[in-house]
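Have the structure open as you read.

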Amino acid sequence: MRTKTWATPVVAGLASLALLTPSAQGAPSALDRPAGSGALQPAVRLDPPRIRQSPAAQAVFDLVNAERAARGLAPMTYDVELELAAQRHSEDQARSQRMSHTGSDGSTMVQRIDRVGFAWRSAAENVAYGHGIPAAVMAAWMNSDGHRRNILSSNTHIGIGLASGTDGRPYWTQVFATPA
C-alpha cells in the first residue's frame, strides 16, 4: 500500500517585481484560413494542455517550470483537475477574504483534490494573497523554504487558481500532486 503525503505552506505580503508575460500561443491553424483556399499551411505544433482560466496563472505555471529547469528538474505537467481544485479554493478564499489551507466549509487540501476526482499518492499546496503579479507571488514563494520545497518537489502535476476578493486583493493557490 502506498502512503499519501502532503504539505501546506502559507505566505502573505506584498512584493513589487516586473511582470513576466506568458509565451505566444503559436501560428494560426487551418481553421483560420479561408475555406477552399487550397494553400498548404505550415504544420502547427500541438502543445500540451494550457491553463484555461487566466494568463496570470499561465505565467505562474511557466515560472514554476523555469525554476525547476534552472535546477535540472523535470517540468511539472499541468492538470485540469488540480486546476479546478486550486481555482475553487482561490474563489472560496476570495469570497471569505481569508487566506487559509482550510476551506470555509472546513475542507482540507486532500478533500478538495479528492472532490475533483484526482487519484493521488502525494500532494502539497501553496497559498498566498495580495501579490498582484505572477513574478511577485513566485518571488514570495521561492523566498520561503516550505513553498520553494513544494515547487521543487518530486510531485509531477500542478494546478493553479487565482481569484480576487471584493476589495481587489488576489488570492493564489497552487496544488501539486503525483498521480496514484
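Glu83 counts as buried, because its relative accessibility is 4% (buried is under 20% relative accessible area, exposed over 50%, partly exposed in between, with a 1.4 Å probe and protein chains only). Its side chain makes a polar contact of 3.0 Å with the side chain of Tyr78; that term covers N or O pairs within 3.5 Å, one able to donate a hydrogen and the other to accept it, with sequence neighbours counting only through side-chain atoms on both sides.

This is a predicted model, where local features need pLDDT of at least 70 and side-chain atom pairs 80 or more, while totals for chains, interfaces and linings use all residues. Numbering starts from 1 along each chain as its sequence is written, and side-chain values use heavy atoms, leaving out hydrogens and water. pLDDT, the predictor's confidence per residue from 0 to 100, averages 79 over the protein, and 71% of the residues score at least 70.

Here are some elements to find (DSSP runs numbered from the N terminus: helices are H or I with at least four residues, strands E with at least two).

| Element | Residues |
|---|---|
| Helix α1 | 55–70 |
| Helix α2 | 80–96 |
| Strand β4 | 120–129 |
| Strand β6 | 170–179 |

Strand β4 has 8 of its 10 residues buried, so the rest of the structure largely encloses it. It runs antiparallel to β6, joined by 9 bridges (pairing takes at least two DSSP bridges), and Ala123 has Ala177 as its bridge partner in β6.

In α1, the buried residues include Phe61, Leu63 and Arg68. Just after α1, Gly72 takes a positive phi of about 75°.

How values were computed:
Expected span 1.5 Å × (residues − 1).
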